[in-house]
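Dear colleague,

I am handing over the structure below for your reading. My findings follow it, grouped by region.

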Amino acid sequence: MTGKRARRTSETASPGAAIRLPDVIASWFRARRWQPRPHQLALLEAAAEHRSTLLIAPTGAGKTLAGFLPSLVSLSQRRSEKKGAGLRVLYVSPLKALTVDIERNLATPIAEMGLKIRTETRTGDTSVARRQRQRIKPPEILLTTPEQVALLLSHPDAAYLFADLETVILDELHALAASKRGDLLALDLARLNTIAASPPMMIGLSATVARPTELRAFLVPQTSPDERTELSHLVVAEGGARPEVTILELDEPVPWSGHSARYAIHEIYAALQRHRLTIVFVNTRMQAELVFQELWRVNDRNLPIGLHHGSLDAARRRKVEAAMAAGTLRAVVATSTLDLGIDWGDIDLVVHVGAPKGASRFAQRIGRANHRIDEPSRALLVPANRFEVLECRAALEAAEAGAQDAELSRAGALDVLAQHTLGVACSGPFSPDALFAEVRSASPYSALSRATFDRVVDFVATGGYALRAYERFAKLRPDGEGRLRIAHPRVAQQYRLNAGTIVESPVIKVRLVGKRTLAGHRKGKPVQGGRVLGEIDEYFIEQLEPGATFAFAGEIVRFEGMRDTEAFVSRSNASDPMVPSYAGGKFPLSTHLAMRVRRMLADRDRWRVLPAPVAQWLELQAEHSAIPAEDEVLVETFPRDKRHYLVAYPFEGRLAHQTLGMLLTRRLERSGARPLGFVANDYGLAVWGARDMSAMIAAGDLDLGRLFEVDMLGDDLDAWLAGSSLMKRTFRIAAVIAGLIERRHPGREKSGRQVTMSTDLVYDVLRKHDPGHILLEAAWADTATGLLDVARLGEFLNRIRGRIRHQSLVRVSPLSVPLLLEIGVEPVSQRSREDILREAALEMMREASAPTGQ
Amino acid sequence: MLQMKPDRLGIDEFQDQPMSLCGKSFRADMSGALYWPGERALIVADLHLEKGSAFAARGQMLPPYDTRETLARLARVIDRYEAETVIALGDSFHDSHGPDRMMPEDREALRTIQQHCEWIWVKGNHDPEISSGAGGVVVPSLAVEGITLCHEPDEGRDSHEIAGHLHPAARVTMNGFTLRRPCFVGNGRRLVMPAFGAYTGGLNVLSTAFEPLFGLGGMNVWMLGQEGCYPVASRLLSED
């Protein structure tokens, strides 16, 4: 593979061998003393033959220019005659901001080359008037997002609009594919292939990925999906200078648990001082708040340090971005919101607090430092606890080897297909046979069966219920020529209001109010005004009591109360906030890194590269319990504090461990071990119970092989999931995407809770009366992949069959300490709702029966 | 971290709760229905039958099983108390065309119940008219033993009243955990019933709509769980 890759790029490395640039472009390159890079030429060569191509290039390799170069060449030459509106190039990016950035970056070369090419963006922010005009008189190059493409395709004039389309450029394809947005995009590409006068060339731009095959298949129509997978052409750019990654090592021992890296804050601060502009990446929004607080606490020199994460108000984020670009900031603490694309400034250091969890994400993040390919990126890894030392070491080795995580391939989501089907119907009558073939030409849907497709169409038309109650309200009706059309123009309006695959979880605006307003509030006056700090998940606010303090938007604030759908807070002078724990936004450890961690653990020779306290910790573990071999799973049982623990170390990531924990407790309950609770992290899980599990295993009452049998993913999983709030959450998202539940819209929105409420009721009724319904099937698939990592858990259970290494111990083992320390830190994720009510009622009874006169 | 349940009390302890109004005793059932032993009558509010099909007619194809679910639940509690009369306190249908949209099986289920007990529809704002096809007797409101049974509670009413309309729900926070459930809310004069329908949401009892009804004297709240009906102290309640 590498040999092939090298040959392809070196073939095209001799400039001008196969491709002659038009004079305007060639002289533009000369004027800047630039040489077209080999991969840019390779792409031009492929484009000359109109071959769809995937370009894989690291950050800073001139990927975007490479993507547009063929179009600039073709638009600078004589253009073919217009058959439609004249739109030639469609650029699709996952980020609105990226389209604006690209427009700006394209404007310069287009102007300098003196080309007459009109370039415009189209996003949710574009004015209605402009959007309407764009449908009739589009620019030659339109820069937009997948959602906008879907909306454009749903209009009856879509065929006219896209008739002249020659090229589609898909930026950051690795971030889009293998998600619901990617599914929507794939269906849109299939549609474009159908309606353009001749099938457009697709150019996919991607960061380095482990399995380019899936992205290559994404770019080309799958004409005979049952027989073969069609792949696009592939161009791989040479990797740039190797990144310089170091792990921060201090004399102080790394803490046993926790995620704040408070112990290393002075060293991080010192690193900031040595660099122009640093991004401090963390894994969760709350971690961002914490690290930001800590940095300011030690910021004696008053360095301008900013904060950037998804909960912050958009205006505040834009301000930070502008300050980065202008060079007025020295550091930004950020979450994945800064992972993608845009060049925000001259970043020369990336600090990663906490382990990066995935090799690909880490590579992407390192790439943020120095967007120039021939200079090495510099990164500093700061493990927050002992396990993370192992993980950081694994990430570093992965980065040195240029290794990537392999994403598991997934089938296209059915809720997205439902939305797309309605969109197609809105553009005009369609033949189910033709649409089925078109849908299957999109790679995520190439395995779709006709029966499932028909169920989706039926769902769109009448809700698809076993009880045929809604035929008379059908949204799709036969047109008498074997096609289906929408029953009423209102259907198209509804579609346009609800299109898109991004369903936000209900959020609450957070407003900061002053002392005076607050004093008024305490006297019962309504609260008004206050600056919006950002948005926070509803479930988090729900758990707060007035007076609770938390870190948000870089400040410590005190929760005062709610007003309609807004939370209001005041400034607090508390030095230690009650730190909230976000369930969302934590990435589970990737399979690839997990494998590296297991290997490192098993190989004693490699402990030498670890800091002394960590190596000693592992030695202790070897002495008191055991170190599992690479292909084993270690299970320990021991008593502690009148409880009995069972601890397992699968190293399969938090999601899979939580699922495993749920299922193990169910099974332990059945075998009479009387489990009381469990805790999971990225490395393992601990279950505790009332009975001595060591003794049960010794007496043969508990069989570990049976306990970890893969069949737990059958009935146990189904039974647990059916009533779980996880399922309700994914059902809500699927119901909104599929159009069963209407989206909220500004102005006429119900509160998020009301929506949540009603989808839960709908879910309960549907599960009871129509358990085979297609939306339940879709929600189950989403939950299994997105929230539970069922596939990964399944692979694990199969892998360790007969390879369970059990250690019966008299006391807690060294390896289990970080895990046990998480007990009480993690919020209780599941709890019997009935118990809350029961306790509340008992509380009332205690009160009523209390002796009087107290 | 998962916290398992403490040892359970007997389930029957919470299945229904006694309450009294105007000297009469009632039983508040965990299903959201109210049984009046003296009258052998079961009172339910806000069934919102055919809400699913009302949405479907407007293009939102909610599952068409709400009517059968609501009627099946109702039939179970009628059986439990061996009620002889059913009083539906208004908004029994999501709209006045509801009875016409009922599936034949659901209409049959309703008729079967009506054969076994006397059925009284009190009119509501969603169903100001109820066609004769729905069976039963239709009344604007009902006065029994000094208690007015009506759809909308009326703060100015002199007599005791049992009403629906507001879909009361309560939010309780215990040890940092929050739960929001439909509830009965009342004081010695007045009782507002939870909505019984399968697709009905709730309005927090601490919202302003309840203020004029319960004033300063305070309110009693009985929250509905999966296994019981629970009296909850109002100081434990919180706003949304």
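This is a predicted model: local features need pLDDT of at least 70, side-chain atom pairs count only at pLDDT 80 or more; totals for chains, interfaces and linings use all residues.

Gly135(B) lies in the loop that links strand 6 (118–122) and strand 7 (137–139) of chain B. Arg107(B) stands 28 residues from Gly135(B) in sequence, and their C-alpha atoms are 9.6 Å apart.

I turn next to chain A as a whole. Chain A holds 34 helices and 25 strands. Of its 854 residues, 49% count as buried. Among the contacts in chain A with a separation of 6 or more, 75% are between residues 24 or more positions apart.

In soluble globular proteins, nonpolar side chains tend to be buried together. Here, the largest nonpolar core has 245 residues, and the members that touch the most others are Val280(A), Val382(A) and Ala395(A). Which residues does Val280(A) touch? Not counting residues up to four places away in sequence, they are Ile268(A), Val291(A), Ala331(A), Val332(A), Val333(A), Ala334(A), Val351(A) and Val353(A). There is also a second, separate core of 65 residues, and its members include Leu837(A), Ile87(B), Val192(B) and Tyr230(B).

Two sheets of chain A deserve a description. One is an open sheet of seven strands with parallel pairing, in the order 3-4-2-5-6-1-7. Its edges are strand 3 (119–122) and strand 7 (233–236) of chain A, each of which pairs on one side only. On average, neighbouring strands in this sheet are turned by 15 degrees against each other, direction ignored. Strand 3 of chain A runs parallel to strand 4 (residues 141–144) of chain A, and four bridges join them. Within this pair, Glu120(A) is opposite Leu142(A) of strand 4. Helix 3 (residues 38–48) of chain A packs on the sheet and touches strand 1 (53–56), strand 6 (201–206) and strand 7 of chain A. The direction of helix 3 makes about 165 degrees with that of strand 7 of chain A.

The other sheet of chain A is open too, with five strands in the order 23-24-22-21-25 and mixed pairing. Strand 23 (675–680) and strand 25 (804–808) of chain A form its edges, each pairing on one side only. From one strand to the next, the twist averages 15 degrees. Five bridges pair strand 23 of chain A with strand 24 (residues 685–689) of chain A in the antiparallel sense, and Pro675(A) stands opposite Gly689(A) in strand 24 of chain A. Helix 25 (residues 654–670) of chain A packs on this sheet, touching strands 23 and 24 of chain A, and its direction makes about 170 degrees with that of strand 23.

Finally, I describe one pair of helices. The axes of helix 16 (residues 386–401) and helix 23 (residues 591–602) of chain A come within 9 Å and cross at roughly 115 degrees. These two helices of chain A are therefore roughly perpendicular to each other, and the crossing is right-handed. The residues of helix 16 that meet helix 23 of chain A include Leu390(A), Ala394(A) and Ala395(A); among those of helix 23 are Leu593(A), Val597(A) and Leu601(A).

Yours sincerely

Technical notes
Residues are numbered from 1 along each chain as its sequence is written. Chains are lettered from A and ligands numbered from 1 in the order in which they are written. A nonpolar core is a set of buried Ala, Val, Leu, Ile, Met, Phe, Trp, Tyr and Cys residues joined through C-beta atoms within 7 Å. A residue is buried if 20 or more other C-beta atoms lie within 10 Å of its own, exposed if 12 or fewer, and partly exposed in between; C-beta atoms are placed from the backbone. Two residues are in contact if their C-beta atoms, placed from the backbone, lie within 7 Å. Two strands pair if DSSP finds at least two bridges between them. Axes are lines fitted to C-alpha atoms, for helices over the stretch in contact, and angles run from 0 to 180 degrees between N-to-C directions. Angles under 35 degrees count as roughly parallel, over 145 as roughly antiparallel, 65 to 115 as roughly perpendicular and the rest as oblique. A crossing is left-handed if the near helix is turned anticlockwise from the far one by less than a right angle, and right-handed if clockwise.
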